[in-house]
Amino acid sequence: MDVELPLAFEITSYAVLIAIIIADLVLAYRRPHIPTTKESALWVSFYVALALVFAVIMFFVGGAEPAGQFLAGWLTEYSLSIDNLFVFVIIMARFSVPRKYQQEVLMVGIILALIFRGIFIMLGAVVIEQFSAVFYLFGLFLVYTAFNQAFTNHDDEEETENKIIGFLRKRISITDDYDGAKIRTVVDGKKIFTPILIVFIAIGTTDIVFALDSIPAIFGITQSPFIVFAANIFALMGLRQLYFLLGDLIDRLVYLKYGIAFILAFIGVKLFFHALHENELPFINGGEHVTWAPEIDTWTSLIVIVSAMAVATIASLLKIRSDERKAPQDEKVVEPSDRPDAH
């Protein structure tokens, strides 16, 4: 369902949201440090509360429909952003990025994600306006992405990055050691790139892949470019702090990828039904609308998304607890006096 919001509200929202993002990034740049668990938890809670407050404001400004679309879109994008963190963890570990400078690296990753998603949002809005049948392609793409999400390991996604990295190392002088968070350093009087360059390229490649996944997903919930952009900004807010809050736990949420895959598949099917309902392609039902195709409303989508993430997260936490209980205890050290031959 298309929604219209007051232009003044949209402009004010853009200005406030961009100001918050800039303030957060400047803070990370000026205070490079390892956030404590308490600090990270407070920031993540603040940004989540901010998103909920924004949804309430949208409810009073535009009604229940845009508020529901924003919440469903934000949760979908947030789940995909958390999935993005899995790959960030792999990249940081693979290149041994000093933990002190990981915050600055994440800052660059978030900026790149905002840029790429902004580009794809504009392109997506134009394509939808000119070619409504693109929902068929979006739906099929999301179902395909859901399959890959469920049955492909993140390690498999690194093959392309490894080729790029190998190509760069053969043609560009890159040091083995970091010089803080600098991209270039001076060695024997010559300027040479540091491994940070490769890390930025790997993260940028990851951002493009996730932007390709996330934009069709949220356009399956709302066709409002403003809501799409706002949901993406809120999904990226606090991502840096969430990285440090979850820490090693994020790699142990083993069922989370299945929850995300289910959400993507659900939205893909929803998009396909929507395309059938609005069908204008001559080779499908003679170019007529397919009346039997159901239209899945926003609140049903919201319930499905919340349920999928809740089940996946709870199942992962239960497995973590079960694995900890089954973990072998340290062998008891036998004291010399307890040995049979000690006397």
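User: What span does helix H11 reach from its first C-alpha to its last?

Analyst: This is a predicted model, in which local features need pLDDT of at least 70, side-chain atom pairs count only at pLDDT 80 or more, and totals for chains, interfaces and linings use all residues. Residues are numbered from 1 along each chain as its sequence is written, and side-chain values use heavy atoms, with hydrogens and water left out. Helices (H or I, at least four residues) and strands (E, at least two) are DSSP runs numbered from the N terminus, and the expected span of a helix is 1.5 Å times one less than its number of residues. Helix H11 (residues 298–326) has 29 residues, and close to the 42 Å expected at 1.5 Å a residue is its reach of 42 Å.

User: Which helices are included in what covers the buried residues of H11?

Analyst: Buried means under 20% relative accessible area, exposed over 50%, and partly exposed in between (1.4 Å probe, protein chains only). The buried residues of H11 include Leu302, Ile305 and Met309. Their cover, with contact meaning heavy atoms within 4.5 Å, includes H3 and helix H10 (256–277).

User: Which side chains meet in a salt bridge?

Analyst: A salt bridge is a side-chain nitrogen of Lys or Arg within 4 Å of a carboxyl oxygen of Asp or Glu, and a search of the whole structure finds one. The pair links distant parts of the chain, helix H3 and helix H4, 40 residues apart, and both of its residues are buried. At 3.3 Å, N to O, the side chains that meet are those of Glu77 and Arg117.

User: Which residues make the nonpolar surface patch of about 450 Å²?

Analyst: Patches are made of residues with over 30% relative accessible area and no salt bridge, like charges being joined within 9 Å and nonpolar side chains (Val, Leu, Ile, Met, Phe, Trp, Tyr) within 5 Å. Leu123, found in helix H4 (residues 102–130), is partly exposed, with a relative accessible area of 48%. The patch is made by Ile111, Ile115, Ile119, Met122 and Leu123.

Note on methods
Accessible areas come from the Shrake-Rupley method with a 1.4 Å probe; for residues, only the protein chains shown count as cover.
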